[in-house]
Amino acid sequence: MSRFILGVTGASGAIYATRTALHLKRLGHEVVAIVTRPGGEVVAFEGENRLYDYCDDTRNVEDFFADCASGSSGYDGMAVVPCSMGTLGRIAAGTSDNLLVRSADVCLKEKRPLVIVPREMPYNLIHLENMVRLNRAGAIVVPASPQFYTHPKTVEDLVDTVVAKVLKHLGVDADLGKKWGSV
C-alpha cells in the first residue's frame, strides 16, 4: 500500500478530486487530503462532500507541523486536483505559504511524483511559464482535458479519463477504461 497526498484548491472541478481519492482507496492506497479554504468551499458548492469519505485523513492547510511538511515523511507522491492557477504559481515559485504548497515543494525536492491538474482556461503567458517551471522542476502537469475517443457514457466516465492519467503518473496501475487502440 502506498501513501498519497491529495491537494484540493479552489478551482472548479472537485469531482476530479473525489474520483482520484475514490480510485486510490479502491486500489488499497492511503489518501491524506489537504484542502484549502476555497477548495473546501468549492467541494461543498459542487456537491462533492463525499470526497472526504475516500480520504483516510485530512491535514489543516495551515499546520506546518504536519508530517507531509517534512521530507522524512513516508509519502509516495502527491496530486493537486484541481489546481488553481494561484496555487500553481505559488508551487512554481516555491513560496511554501501553506501546507499544500509546502507538501508539493517537499515532493519536488525529494524527487517524489507531483501531479498538477490545472482546471482553469484559457492559459495566459504567466500560467504557461509557471507550468514550464514546474515541469522542469520534475512535476507532471496533467490539464483536466478529458478524452472522448473512448465514448464515455457518464460524467464520471469522462472525469476518469483524466484521473487515469493522474494515477499513471503517481505510479498507480489502475484500469479505468479503454485505452487507445482498444476502442
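Helices (H or I, at least four residues) and strands (E, at least two) are DSSP runs, numbered from the N terminus, and two strands pair if DSSP finds at least two bridges between them. This is a predicted model, in which local features need pLDDT of at least 70, side-chain atom pairs count only at pLDDT 80 or more, and totals for chains, interfaces and linings use all residues. Residues are numbered from 1 along each chain as its sequence is written, and side-chain values use heavy atoms, with hydrogens and water left out.

**Sheet layout**

- The open sheet consists of six strands in the order β3-β2-β1-β4-β5-β6, with parallel pairing.
- Because β3 and β6 stand at the edges with a single partner strand each, one side of each has no neighbour in the sheet.
- Strand β2 (residues 30–35) is joined to β3 by three bridges, and the two run parallel; I34 has R59 in β3 as its bridge partner.

- Five of the five residues of strand β5 (residues 114–118) are buried, where buried means under 20% relative accessible area, exposed over 50%, and partly exposed in between (1.4 Å probe, protein chains only).
- In a regular strand the side chains alternate between the two faces of the sheet.
- From β5, L114, I116 and P118 point one way, while V115 and V117 point the other way; all are buried.
- Strand β4 (residues 77–83) runs parallel to β5 and is joined to it by four bridges, with A79 opposite V115.
- V115 also stands opposite I140 in β6.
- Between β5 and β6 the chain passes through helix α5 (residues 125–137), and this β-α-β crossover is right-handed; the term applies if, with the strands pointing away from the viewer, the path from the first strand over the helix to the second runs clockwise.

- L51 lies in the loop between α2 (37–45) and β3 (57–59) and counts as buried because its relative accessibility is 0%.
- Apart from neighbours within four places in sequence, L51 is in contact (heavy atoms within 4.5 Å) with L6, V8, A17, T18, A21 and V43.
- The C-alpha atoms of L51 and I116 are 18 Å apart, and these residues are separated by 65 residues along the chain.
- S2 belongs to the segment before β1 (3–8) and touches H29, E30 and D76, not counting residues up to four places away in sequence.
- S2 and G74 are 72 residues apart along the chain, with 8.9 Å between their C-alpha atoms.

**Cysteines**

- The whole structure contains zero disulfides, a disulfide being a pair of cysteine sulfur atoms within 2.5 Å.
- C68 is in no disulfide either, and its nearest cysteine sulfur, that of C107, is 8.9 Å away.
- Both residues count as buried: C55 has a relative accessible area of 12%, and C68 has a relative accessibility of 1%.

**A charge over a ring**

- R3 lies over the face of Y75, at 4.1 Å from the ring centre; a charge sits over a ring if NZ of Lys or CZ of Arg is within 6 Å of the ring centre and within 35 degrees of the ring normal.
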